[in-house]
Amino acid sequence: MAAPLTATAFMNALRAEGLALVEVGSWKTHNRNSKGSFGPLNGVIVHHTGPYTTEAGMVSYCVSGSQALPGPLCHGVIGRDGKVYLVGYGRANHAGGGDNDVLNAVIAESYATNPPATNKGEGDPGAVDGNSRFYGFECINKGDGREPWPEKQLDAMARAAAAICRAHGWTAKSVIGHLEWNDQKPDPKGFIMASMRARVAERLKHQANWTPSAPAPAPTASSMEARISLLEKLVAAQEKRLVALEKVVA
Ligand SMILES: [Zn+2]
């Protein structure tokens, strides 16, 4: 249980984690705090946006929302190139109702690979108000299970979630997908949340600005030539030693 970070602390945590940020309008004060509480905070929810035409259009939709679902629809929108658009801060319409068993597992950070299955969604009796308990990131993806998730975007998602965990002293088990919270939701689709939690857990073992090392490059022709020339020198040296030994024996 934690008091929400201030908007500035939230932004600084994301920046320290190496993220490129875009501040959209008066995001620091754009919220739905007049409709309910924001906090105590217990975790981070990861979403996919679903169908979109342009990234800019989706970012502005996440600011304004619709008549049925007024914005902000999250705190940060994560673009396919890994940029994070800050669209609101405070209570946001992103999580909806969810399962208290999941919330308790997130608070205890006690589960193994996945939290218990959710059996509640928005409007269900006994559902918990997720908009007061979770930070939310909407990640731009059609959500059809076919559009790929670029590595840059997945890396940015892990950075954003890790930044919040780091700021609150939480582990990666405080990071869940919307589908793990609300049983009416399919998102995020196209990767598994356990793999995202593994990325976040790895980040939390390092400094905030850590970048995972790229895979070792394949040997190039010139590096192979260099190795062959080194081997030739070693063979030549061995030959010299043999000649010297033969002289001693003789
Ligand atoms: Zn969602």
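Helices and strands here are DSSP runs, helices of at least four residues and strands of at least two, numbered from the N terminus. With those labels in hand, welcome to this structure, which is a predicted model.

Let us start with the backbone. Pro 72 sits in the loop that runs between α2 and β3 (76–78), and the peptide bond joining Gly 71 to Pro 72 is cis, with omega about 5°. Another cis peptide bond leads from Gly 39 to Pro 40, where omega is near 0°. Pro 40 belongs to the loop between β1 and β2. Glu 109 is also worth a visit: its phi is near 50°, a positive value in a residue other than glycine. You will find Glu 109 in the loop between α3 (100–108) and β6.

**The zinc site**

Which protein residues are the donors of the zinc ion? They are His 47 through ND1, His 178 through ND1 and Asp 187 through OD, lying 2.1 Å from the ion. Along the sequence, these donor residues follow the spacing H-x130-H-x8-D. The two histidines link distant parts of the chain: His 47 is in strand β2 (residues 43–48), while His 178 is in helix α5 (residues 178–181), 131 residues apart.

Are these histidines buried or exposed? His 47 has a relative accessible area of 1%, so it is buried. His 178 counts as buried too, because its relative accessibility is 4%, and the cut-off for buried is under 20%.

**The largest pocket**

By type, the lining divides into nine nonpolar, 12 polar and six charged residues. At least two lining residues come from each of β2, α2 and β6 (128–129). The element that gives the most is α2, with three residues.

Helix α2 spans residues 55–64 and includes Ala 56. Ala 56 is exposed, because its relative accessible area is 59% and exposed means over 50%. The C-alpha atom of Ala 56 is separated by 9.3 Å from that of Gly 79, a residue 23 positions apart from it along the chain.

**Aromatic rings**

The whole structure contains 10 aromatic pairs. One of them joins Phe 10 and Trp 27 in a tilted arrangement, with 6.4 Å from centre to centre and 45° between the planes. Why does this pair tie together separate parts of the chain? Phe 10 lies in helix α1 (residues 7–16) and Trp 27 in the loop between β1 (21–23) and β2, so the pair connects parts that are 17 residues apart in sequence. Both partners are buried, Phe 10 at 0% relative accessible area and Trp 27 at 1%.

The pair belongs to a cluster linked by ring pairs, made up of Phe 10, Trp 27, Phe 38, Tyr 89, Tyr 135, Phe 137 and Trp 170. Elsewhere in this account of rings, Tyr 111 has the charged end of Lys 173 over its ring, 5.6 Å from the ring centre.

**Accessibility at a glance**

Here are the accessibility values for the residues discussed above.

| Residue | Relative accessible area | Class |
|---|---|---|
| His 47 | 1% | buried |
| His 178 | 4% | buried |
| Phe 10 | 0% | buried |
| Trp 27 | 1% | buried |
| Ala 56 | 59% | exposed |

Methods
Residues numbered from 1 in each chain as written. Predicted model: local features only at pLDDT ≥ 70, side-chain atom pairs only at ≥ 80, totals over all residues. Heavy atoms only, no water. Buried < 20%, exposed > 50% of the residue type's maximum accessible area, 1.4 Å probe, protein only. Donors = N, O, S within 2.8 Å, 3.2 Å for Na, K, Ca; no water. Nonpolar A, V, L, I, M, F, W, Y, C, P; charged D, E, K, R; others polar. Phe/Tyr/Trp six-rings, centres within 6.5 Å; stacked < 30°, edge-to-face > 60°. Lys NZ or Arg CZ within 6 Å of the ring centre and 35° of its normal.
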